[in-house]
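This report describes the pockets, cavities and nonpolar core of one protein model. Please examine the sequence and structure before reading on.

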Amino acid sequence: MPLTSAHGAATGRLVRKSVQEETLVTSWRPATARSQLVTARWPLRHSFYVEDRRYSSLLLTESLRQALALLTYTVHDIPLSHRLGWEQIRSTVDPEALRTASGPAEVELLVTHKQVKRRRLGSVHLTSQVEATLAGVPIGTAELRYSAHPPALYDRLRGSRYADAESAFAQALPLTPAVPASEVGRSDTDNVVLSPTSSAHTWQLRVDTSHRVLFDHAHDHIPGMVLLEAVDQAARATARPQAVVPVAFDTTFFRYVEFDQPLLITAEPLVPEGGDRMSVMVDAHQNEVLALRSTVTVQPLSRG
């Protein structure tokens, strides 16, 4: 089912993007009774997801985030007013697939819904598996557990202070300084999401609510993609002076992360996994409560 430019604005709402050019999903079709094939278009150049002719590992994650949002509303008939939230995501990507080519890449995502549980009060809990291919070649996998809550229940979960997105977004802390962009695999300071602290391997989340890609509309809490970007950058900083690329994430989200309080991100030293791969454990705490834990597998960045 092609999603033409004439339907761009509607598609953006379905994938939760208000900036049309940030919508990656271009079409989808049924594959089996429990699976769909979604096509995502990766641009040749991008202000955030492309560095030195390489795609970010998290572009695959953003693609599947959009795909799952689209399918939640179109396949599972969950109302657009329901609020989606991640609980856990495990993902892998082939680093060789991250090299840009001579034009945009057409990535196909085979999404299989392993479990869909509908609760009495209207919430839905889902588990989906994703297999990604590029020109027929496997390039990555993912498995996600996520939920969709009706507005009344979601508002109760968030409480009166945070239920309204515009109000919560307006409470964001002032923008903090950035660590040097080169320390986290970036060339542009505007794309850095970590601020330095006085402790080794510890950073504060740097929240720039004017960032066109990370915050293209108001949110009532820090989005999961921003948190995963912080995890990515923390893993890269921990590996210094060696340049690495994250190739796998195993992340659990324990609680919502608020805009009006600092989030501290800590990383454990590298642990060999065999071969040239290593793992880093990254934790995020807000008010001394664990909000997120992620094990990131990295490997040396090959040039050329």
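## Pockets, cavities and core

The lining of the second largest pocket comprises 8 nonpolar, 6 polar and 10 charged residues; here Ala, Val, Leu, Ile, Met, Phe, Trp, Tyr, Cys and Pro count as nonpolar, Asp, Glu, Lys and Arg as charged, and the others, Gly among them, as polar. Gly 185, Arg 186, Arg 236, Val 244 and Leu 301 are the closest to the centre of this pocket among its 24 lining residues. Helix H5 gives the largest share of that lining, 3 residues, and strand S4 (54-55) and strand S11 (244-253) each supply at least two.

The model is predicted: local features need pLDDT of at least 70, side-chain atom pairs count only at pLDDT 80 or more, and totals for chains, interfaces and linings use all residues. Numbering runs from 1 along each chain as its sequence is written, and side-chain values use heavy atoms, with hydrogens and water left out. The average pLDDT (the predictor's confidence in each residue, from 0 to 100) is 93, and 96% of the residues score at least 70. Residues 4-9 have pLDDT below 50. Where pLDDT is low, the predicted coordinates should not be read in detail.

Pockets and cavities are sets of points on a 1 Å grid over the protein atoms alone: in a cavity a 1.4 Å probe fits but cannot get out, whereas a pocket is an open set with protein on both sides within 12 Å along at least five of seven lines; lining residues have an atom within 4 Å of a point. Grid points are joined across faces, edges and corners, and a volume is the space filled by probe spheres set on the points.

| Space | Volume | Lining by class |
|---|---|---|
| Largest pocket | about 1,000 Å³ | 23 nonpolar, 10 polar, 11 charged residues |
| Second largest pocket | about 490 Å³ | 8 nonpolar, 6 polar, 10 charged residues |
| Largest cavity | about 120 Å³ | 10 nonpolar, 4 polar, 2 charged residues |

Of the 44 residues lining the largest pocket, Leu 84, His 219, His 221, Pro 223 and Gly 224 lie nearest its centre. Helix H2 contributes the largest share of this lining, 7 residues.

Leu 205 is among the residues closest to the centre of the largest cavity, together with Leu 173, Val 207, Phe 259 and Gln 261. Leu 205 is also one of the residues with the most contacts inside the largest nonpolar core, as is Ile 265. Contacts of Ile 265 (heavy atoms within 4.5 Å) include Leu 205, Trp 203, Ala 230 and Ala 234.

Key: Core = buried A, V, L, I, M, F, W, Y, C linked by side-chain atoms within 4.5 Å. Buried < 20%, exposed > 50% of the residue type's maximum accessible area, 1.4 Å probe, protein only. Helix = DSSP H or I, 4+ residues; strand = E, 2+ residues; numbered from the N terminus. Lists of a residue's contacts leave out its neighbours within four places in sequence.
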